[in-house]
Number of protein chains: 2
Amino acid sequence: MHLIIAGGVAAGTKAAARARRVNPDIAITLYQDESVVSYSACGQPYWLSGVIPSRESLIIRRASDFEADGIDVRLRHRVSSLNTQARIVQVHDLDHDRLETAHFDRLILATGARPVIPAIPGIELDGVVTLRTMVELDRFRSALDRLQPKSAVIVGGGYIGLEVAESLQALGVAVTIVERVERLFPRLDPEMGQRVHDHLTGQGVRVALGEGMVEMIENEGRVATVVTASGRQLPADLVVLAIGIRPNIELAEQAGIALGSTGAIAVDPRMETNVNGVFAAGDCAESYHRLTGAPVWGPLGDIANLQGRVAGENAAGGDARFPGILGTAIFKTFDLNIGLTGLTEATAREAGLSPVATVISAQDKARYYPGAQELTVKLIAESGSGRLLGAQAVGLGAVDKMIDIAATALLGGLSCRDLENADLAYAPPFSPVLSPIIIAASTLSRKLSV
Amino acid sequence: MHLIIAGGVAAGTKAAARARRVNPDIAITLYQDESVVSYSACGQPYWLSGVIPSRESLIIRRASDFEADGIDVRLRHRVSSLNTQARIVQVHDLDHDRLETAHFDRLILATGARPVIPAIPGIELDGVVTLRTMVELDRFRSALDRLQPKSAVIVGGGYIGLEVAESLQALGVAVTIVERVERLFPRLDPEMGQRVHDHLTGQGVRVALGEGMVEMIENEGRVATVVTASGRQLPADLVVLAIGIRPNIELAEQAGIALGSTGAIAVDPRMETNVNGVFAAGDCAESYHRLTGAPVWGPLGDIANLQGRVAGENAAGGDARFPGILGTAIFKTFDLNIGLTGLTEATAREAGLSPVATVISAQDKARYYPGAQELTVKLIAESGSGRLLGAQAVGLGAVDKMIDIAATALLGGLSCRDLENADLAYAPPFSPVLSPIIIAASTLSRKLSV
């Protein structure tokens with residue numbers, strides 16, 4: 001049996017490794033259009049800033065590691081077309097610019113996603129960069145080295161934009177973030193997003209909200225100015241496009257594989273597409289929200305790994321299920337940690353639920369213990385039942401722990417009344433006597449009882 | 001209505017505050033035999049070592065804070081006897097050495113626990129100290145200042161002994177831990193406890209296992225040598241008794257209030273004793289294990305707060321339930337963090353369950369991210385169902401996060417198959433792409449499928 005995997009960053013390589021583990025006998029070929037596989041895109045902002053000294057450390061496993069497991073890795077090869085009836089892919093050998101074909105019994109599409117590039121004047125100018133693949137990372141780094149920017153405009157106030165804001169200010173570049181909607185990181189409810197906004201402006205980042213970018217103006221062949229919808233001219237030696245990403249679904253689409261309502265490839269819980277034996281995983285694939293059951297697209301590295309594991313297992317003859325996602329996310333910008341899981345008050349209402357919420361601030365360790373930091377937790381539950389719907393946390397402290405507790409509580413279908421009596425780990429170096437999440441759950445329980 | 005509370009550290013003060021919040025109109029009197037209320041006993045080792053510079057910072061709230069809420073706090077008053085029929089307590093005013101009586105409608109026993117003091121020769125010598133109340137803390141500190149010990153024996157390898165080992169070595173005192181059983185912190189399964197042992201000896205702590213202390217020998221009126229059962233003589237300018245604690249149940253016992261099988265005061269889920277209107281909470285009270293349903297005694301500060309909240313609410317006319325505990329615990333010794341929740345392999349077997357376990361080691365952040373630390377996670381599930389039974393974690397890294405995720409998973413009745421697909425918070429500064437707990441759950445799932 002021959003398993004072909006199209007794409008080799010997170011989902012593709014995880015699927016390959018899992019398939020090999022499940023079935024030592026099948027032939028596995030992995031095509032990857034870059035010259036490396038298995039790298040951490042999420043670590044890129046930290047190499048740009050110098051927090052991570054070595055570019056090599058972003059590479060998790062090398063092609064040779066996979067080869068040693070009997071996985072045939074073809075670098076700089078892109079699967080360019082797919083015939084699901086004949087079970088054949090056409091592959092473009094990028095270095096030799098020639099096409100080859102290969103037969104598969106099973107196929108995993110792990111083609112990823114790519115940044116949105118708006119079609120506006122000046123978009124192709126030198127100094128306009130994106131961040132996603134290692135190719136893009138190298139271009140970004142080269143632009144920094146060559147252009148020595150003093151000022152940058154980051155287009156997009158999502159997590160990549162906010163992470164890169166930290167990286168660029170660390171390099172001495174004055175940053176302005178342009179965001180089309182009226183607030184930064186709009187996935188958070190407004191009062192939590194405001195804390196992110198205040199932290200960024202406190203770090204000297206300029207923020208231009210409520211208008212998009214319409215044009216870039218050059219000076220001596222490189223970008224110099226970003227023009228916004230209202231006509232503001234923002235100086236920019238460097239422009240980072242972080243507007244969003246979209247799934248790479250062209251190969252699937254061309255082959256007649258069904259897409260879902262989110263625009264990503266539709267899959268069942270086995271990560272199988274509507275074509276028998278053809279799976280999809282990672283940023284190109286759709287998922288389901290565990291709380292609402294609605295199709296969602298959650299293009300993140302950990303989800304790619306979980307989905308890749310399931311796709312790889314099933315493609316190799318196993319029978320695993322991917323139960324969907326909670327929309328958990330976390331990132332930091334400067335010293336501020338920001339996380340969320342489940343539904344926000346806004347998305348809970350959109351889903352037809354009746355949410356009740358509370359926001360509390362507390363220390364993440366005993367107040368007297370060195371290094372205790374404040375954080376703010378918002379907890380959302382369904383009115384009546386008290387069933388937890390989501391959590392958001394922002395602060396200098398252990399946001400990651402709060403979000404992971406909340407995500408696990410959501411997984412267990414807990415109510416805020418369950419959570420307020422949780423037996424969590426307390427000792428002064430680790431937590432206040434009652435965890436902030438317990439305090440939030442207790443406050444929310446009282447609110448629900450009124 | 002008059003609510004009397006006997007004891008004012010964690011459970012007693014929490015109960016008082018909660019009762020006042022639930023019912024602004026009742027009279028509340030809190031008797032506390034020390035000269036302070038509401039302090040953090042858990043922080044004491046860190047004030048001894050100097051990690052926490054100020055003794056005052058261990059005091060969470062002062063008597064005057066409670067008085068401001070209309071709670072009558074009587075310091076240096078100990079409830080010395082109780083008549084549940086007449087609804088009367090006798091109170092010993094320690095400063096004036098006189099007895100007074102008071103009538104109550106509701107009573108909360110929050111009398112705490114005290115260190116076990118073995119009846120062996122030399123036990124009353126100068127330089128033999130314990131750690132629990134602020135009175136004991138001050139005696140400990142005074143012994144350090146007066147005796148300037150060069151060597152110390154800590155009797156007992158539980159968490160207090162291991163915390164104090166760190167404190168004393170930080171002060172330049174050479175520490176030997178004497179533990180009667182064959183391993184340190186025996187609540188952990190042996191292979192996890194071994195990691196604790198290795199870390200301590202790596203820090204220069206001497207460890208004498210498998211024999212108790214039988215005698216202390218003096219020199220010039222102060223302790224100088226500890227003699228163990230096998231006749232070993234250990235030099236000790238200071239001896240710290242950390243053998244264990246027992247609940248202060250004499251008041252309850254004298255009044256005919258029922259004790260449970262653990263020896264602590266028996267309570268129902270409302271924290272009410274067998275006497276109507278008399279509640280117990282905190283270290284003097286029993287609890288139930290959420291996984292086995294068995295009575296357990298979990299004398300820890302966070303449990304005291306949770307129980308105190310429930311007792312206070314109910315004593316004031318509310319109707320709250322305390323759902324029991326998981327036996328979650330965490331502490332650090334030197335750089336090593338140690339935590340557990342739920343059942344160990346050993347206690348699962350004792351409870352008649354058939355456990356399957358796995359031990360994995362992983363980094364707590366992306367491997368390339370600065371500050372990533374290794375930790376070891378042991379995960380235990382029921383064979384067949386895969387239902388999670390417990391977790392243990394030891395390491396330099398985010399043990400607290402692993403334990404809190406596991407405790408919440410136990411609360412939700414999750415299986416390791418649920419946990420292996422958990423949507424936890426990933427970004428390089430916070431976690432590897434798959435959390436160590438997910439890796440452990442995945443490994444355990446595979447083991448269960450075999």
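**A friendly note on the two-chain model**

1. Let's start with a pair of helices in chain B. A11(B), K14(B), A15(B), R18(B), A19(B) and V22(B) of α1(B) are in contact with A304(B), N305(B), G308(B), R309(B), G312(B) and E313(B) of α8(B). Sorted by class, this contact holds five nonpolar, three polar and four charged residues. Please keep in mind throughout that the model is predicted.

2. How do the two helices lie against each other? The axes of α1(B) and α8(B) cross at roughly 35° and come within 7 Å. The crossing of α1(B) past α8(B) is right-handed.

3. Now turn to chain A. Here helix α1 (residues 11-22) packs on helix α8 (residues 301-315) at an angle of about 35°, and their axes are 7 Å apart. α1(A) makes a right-handed crossing with α8(A). On the α1(A) side the contact is made by A11(A), K14(A), A15(A), R18(A), A19(A) and V22(A), and on the α8(A) side by A304(A), N305(A), G308(A), R309(A), G312(A) and E313(A). Five nonpolar, three polar and four charged residues make up the contact of α1(A) with α8(A).

4. Next comes the interface between the chains. How many residues does each chain bring to the contact? Chain B gives 62 residues and chain A gives 62 residues. Between them about 5400 Å² is buried, and carbon and sulfur atoms give 62% of that area.

5. Six salt bridges are found across the interface of chain B and chain A. One to look up is the pairing of the K401(B) and D400(A) side chains, a salt bridge with an N to O distance of 2.9 Å.

6. Which elements of chain B give two or more residues to the side that touches chain A? They are α1 (11-22), α8 (301-315), β21 (329-333), α10 (399-411) and α12 (436-449) of chain B. The largest share comes from α10(B), with nine residues. By class, this side of chain B has 35 nonpolar, 12 polar and 15 charged residues.

7. Over all chains, the structure holds 52 salt bridges. Within chain B, the side chains of D33(B) and R78(B) form a salt bridge at 3.2 Å, N to O. Since D33(B) sits in the loop between β2 (27-32) and α2 (44-49) of chain B, and R78(B) in strand β4 (residues 77-83) of chain B, the pair ties together parts that are 45 residues apart in sequence.

8. A loop glycine in chain A also deserves a look. G260(A) lies in the loop between α7 (250-254) and β18 (278-280) of chain A. Leaving aside residues up to four places away in sequence, G260(A) touches I265(A), A266(A) and E286(A). G260(A) and E286(A) are 26 residues apart in sequence, with their C-alpha atoms 6.8 Å apart in space.

9. Finally, two backbone angles. Most residues other than glycine have a negative phi. R87(A), although not a glycine, has a positive phi of about 60°; R87(A) is placed in the loop between β4 (77-83) and β5 (88-93) of chain A. In chain B, R76(B) has a positive phi near 55° and is likewise a residue other than glycine. R76(B) is found in the loop between β3 (71-75) and β4 of chain B.

Definitions and conventions: Residues numbered from 1 in each chain as written. Chains lettered and ligands numbered in written order. Predicted model: local features only at pLDDT ≥ 70, side-chain atom pairs only at ≥ 80, totals over all residues. Heavy atoms only, no water. Contact = heavy atoms within 4.5 Å. Buried area = accessible area lost by both parts, 1.4 Å probe. Salt bridge = Lys/Arg side-chain N within 4 Å of Asp/Glu carboxyl O. Helix = DSSP H or I, 4+ residues; strand = E, 2+ residues; numbered from the N terminus. Nonpolar A, V, L, I, M, F, W, Y, C, P; charged D, E, K, R; others polar. Axes fitted to C-alpha atoms, helices over the stretch in contact; angles between N-to-C directions. Left-handed = near helix turned anticlockwise from the far one by under 90°.
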